[in-house]
Amino acid sequence: MIKQQEISITTRGRGTYDMSDRVQEAVRASGIQTGICHAFIRHTSASLMLCENADPAVRHDLETFMARLVPDGDPMFTHDAEGPDDMPSHVRSVLTQSDLNLPISAGRCALGTWQGIFLWEHRSAGHERKILLTMSGE
Amino acid sequence: MIKQQEISITTRGRGTYDMSDRVQEAVRASGIQTGICHAFIRHTSASLMLCENADPAVRHDLETFMARLVPDGDPMFTHDAEGPDDMPSHVRSVLTQSDLNLPISAGRCALGTWQGIFLWEHRSAGHERKILLTMSGE
Amino acid sequence: MIKQQEISITTRGRGTYDMSDRVQEAVRASGIQTGICHAFIRHTSASLMLCENADPAVRHDLETFMARLVPDGDPMFTHDAEGPDDMPSHVRSVLTQSDLNLPISAGRCALGTWQGIFLWEHRSAGHERKILLTMSGE
């Protein structure tokens, strides 16, 4: 059995957005008990991420780390038509994930206790992000 | 339904190679309308990448970024039997992707408007790279 | 056909642990000839990695690289309740992979000659790590 569903998440600019409940709800609605839920973001300047879900400081520190590793406006970047965060958002996407595969067991994504599913917006401005979910299994 | 096909891409050394058409053609030939196309590179010194497909400056800047992050010939590396680009190519592979999962909708990979599928050769010399595609669905 | 199996790997602290044989054995036991083996680690401070499997210096150099890129005890990190390796282990996880998809051909994971499957423990102390394998195919 295969079910496909697109979900849309509107961001308010750079940062992380918990989408665990959205994904779990789609899995529940699919009726699949055992299988895989594939989440795919149809953009190259935002990521999908599994991350510690309890202490917001973890995601704050991830932003700090990325801002140091891939600084906005770094003069080495030539692709800056959309501003100083344009090329850094592509680099951040390449260093992280555009898609996630999540195992489905007993009708739910079998995440670990501390795992949450996050959309990571890399652009400074807010965007509407499309994520295509493909759930397959029995 | 599951279809498997190996494709081969001959690189001319470090850089990115657009393989979107090759993957879309394999998906079309599979006859699968809804499902997943999994692409897997059978090497540890080249990657598969989803990346902005319109402005080649994006991929140029990615090379510049990686050359700064993981410099060839960095004296911290001890594994250099095949030259100064040997260990950096393994690090680049680990920091990016060896496999991609692409959703299939209406018989095609449902990429975003600006998403292309690229092979990223990390070695200085050209290589023949084997990519195994596994397409499953209905 | 879908088969799911959890495996457990006990680590002795930071470093890489070859789990190729464990995964190949699970694939063999599943009886699946053609398909995908998905491996998912249910933690946010350890990774799954495809890496060169012949020269241990490669994995040694990867540790050296990561220790420089994401130093333990870096004062920029605020999340340090579990010690100086706490936040770095989350960053390392985000920069690498929490899940791998491996193609199954002729009843085995169709890895390249030099590809091994490793668990990468990022914490200083040993942990028991749970990996959920989902194998699907024919």
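Visitor: How many salt bridges does the rule find across the interface of chain B and chain A?

Guide: The model is predicted, so local features need pLDDT of at least 70, side-chain atom pairs count only at pLDDT 80 or more, and totals for chains, interfaces and linings use all residues. Residues are numbered from 1 along each chain as its sequence is written, chains are lettered from A and ligands numbered from 1 in the order in which they are written, and side-chain values use heavy atoms, with hydrogens and water left out. A salt bridge requires a side-chain nitrogen of Lys or Arg within 4 Å of a carboxyl oxygen of Asp or Glu. Across the interface of chain B and chain A, the count by this rule is 1.

Visitor: Which side chains meet in a salt bridge at 3.1 Å, N to O?

Guide: The nitrogen belongs to an Arg of chain B and the oxygen to an Asp of chain A. The pair is Arg68(B) and Asp74(A).

Visitor: Which element gives the largest share of the side of chain B that touches chain A?

Guide: Elements are DSSP runs numbered from the N terminus: helices (H or I, at least four residues) and strands (E, at least two). Those that give two or more residues to this side include strand S3 (35–41) and strand S5 (99–105) of chain B. The largest share, 10 residues, comes from H2(B).

Visitor: What area do chain B and chain A bury between them?

Guide: Contact means heavy atoms within 4.5 Å, and 34 residues of chain B are in contact with 29 residues of chain A. Buried area is the accessible area (1.4 Å probe) that two parts lose on being put together, summed over both. Carbon and sulfur atoms carry 63% of the area here, and the total is about 2,500 Å².

Visitor: Why is one side of strand S2 (15–18) and of strand S4 (46–52) of chain B left without a neighbour in the sheet?

Guide: Two strands pair if DSSP finds at least two bridges between them. In chain B, 3 strands form an open antiparallel sheet in the order S2-S7-S4. S2 and S4 of chain B lack a neighbour on one side because they stand at the edges, each with a single partner strand.

Visitor: Which residue of S7(B) is the bridge partner of Leu48(B)?

Guide: S4(B) and strand S7 (residues 115–121) of chain B pair in the antiparallel sense over 7 bridges. In S7(B), the partner of Leu48(B) is Leu119(B).
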